[in-house]
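Here are my notes on the model you sent over.

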Amino acid sequence: MFDAIDRKILDVLQEDSSLPIATVAERVGLSSGPCWRRIKRLEEKGVIKRRVAVVDRRKLNLATTVFIAVKAPRHAAEWSEAFRRVIDGFPEVVEAWRLTGDIDYLLKVVVPDVAAYDGFYQRLITRLDFSNISASIAMEEMKFTTAMPTTYME
């Protein structure tokens, strides 16, 4: 279904999706037309979901990252859907995961500082009941990438 050239195209685009087709094609060893068709096929298949700009959160005054572990008061579809709607209303929540294990959900939140996190927390707890919420403030970003490994593609 996908081959080594598709993987190379994805690697190049994940590094810089603003490159002209001719540059991508040159880097992967194709001419522009076939490269463009492959990119369109990757988009049609949903492999490429969208193209975005990755911004420096610190330049947006969002220097503090907080990971929030949430325990639901009950495991019910209606609570989960309500939680989804609540967190969708908070732009500070940049990632949200439903998990197995001791915690039910993990949120990644970006804010300017601890005071802003406290304001976020106060707004969050007024919108829904929780069994428990605990937060960990990130001290150092050791690795950050939006690029996915392409070596596992089939």
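Where does Glu92 lie? One caveat before the points: this is a predicted model.

1. Glu92 sits in a loop, the one that runs between helix 4 (77-88) and strand 2 (93-98). Its side chain makes a polar contact of 2.9 Å with the side chain of Arg123. If you skip the neighbours within four places in sequence, Glu92 is in contact with Lys108, Val109, Val110, Val111, Phe120 and, again, Arg123.

2. Now the aromatics. Searching the whole structure turns up eight aromatic pairs. Take Trp79 and Tyr105: the ring centres are 5.7 Å apart and the planes are at 40 degrees, so this pair counts as tilted. Trp79 belongs to helix 4 and Tyr105 to strand 3 (residues 105-111), so the pair ties together parts that are 26 residues apart in sequence. As for accessibility, Trp79 counts as buried because its relative value is 3%, and Tyr105 counts as buried at 10%.

3. Another pair worth a look is Phe83 with Phe130. Here the ring centres are 6.1 Å apart with the planes at 85 degrees, which means the pair is edge-to-face. Phe83 is in helix 4, while Phe130 is in the loop between helix 5 (114-125) and strand 4 (132-137), so this pair ties together parts that are 47 residues apart in sequence. Phe83 and Phe130 are both buried.

4. Trp79, Phe83, Tyr105 and Phe130 are linked into a cluster by ring pairs.

5. Next, how helix 2 meets helix 3. The axes of helix 2 (residues 21-28) and helix 3 come within 9 Å and cross at roughly 100 degrees. Angles of 65 to 115 degrees count as roughly perpendicular, so that is how helix 2 runs relative to helix 3. From helix 2, the residues involved are Ile21, Ala22, Val24, Ala25 and Val28, and they meet Ser32, Cys35, Trp36 and Ile39 of helix 3. By type, the residues of this contact are eight nonpolar, one polar and no charged.

6. Last, Pro34. Is this residue buried, partly exposed or exposed? Pro34 counts as partly exposed, because its relative accessibility is 29%. Pro34 has its place in helix 3 (residues 32-44).

How values were computed. Residues are numbered from 1 along each chain as its sequence is written. This is a predicted model: local features need pLDDT of at least 70, side-chain atom pairs count only at pLDDT 80 or more; totals for chains, interfaces and linings use all residues. Side-chain values use heavy atoms; hydrogens and water are left out. Helices (H or I, at least four residues) and strands (E, at least two) are DSSP runs, numbered from the N terminus. Buried means under 20% relative accessible area, exposed over 50%, partly exposed in between (1.4 Å probe, protein chains only). Axes are lines fitted to C-alpha atoms, for helices over the stretch in contact, and angles run from 0 to 180 degrees between N-to-C directions. Angles under 35 degrees count as roughly parallel, over 145 as roughly antiparallel, 65 to 115 as roughly perpendicular and the rest as oblique. Contact means heavy atoms within 4.5 Å. Ala, Val, Leu, Ile, Met, Phe, Trp, Tyr, Cys and Pro count as nonpolar, Asp, Glu, Lys and Arg as charged, and the others, Gly among them, as polar. A polar contact is a pair of N or O atoms within 3.5 Å; within protein, one must be able to donate a hydrogen and the other to accept it, and residues adjacent in sequence count only if both atoms are side-chain atoms. Rings of Phe, Tyr and Trp (its six-membered ring) pair if their centres lie within 6.5 Å; planes under 30 degrees apart count as stacked, over 60 as edge-to-face and the rest as tilted.
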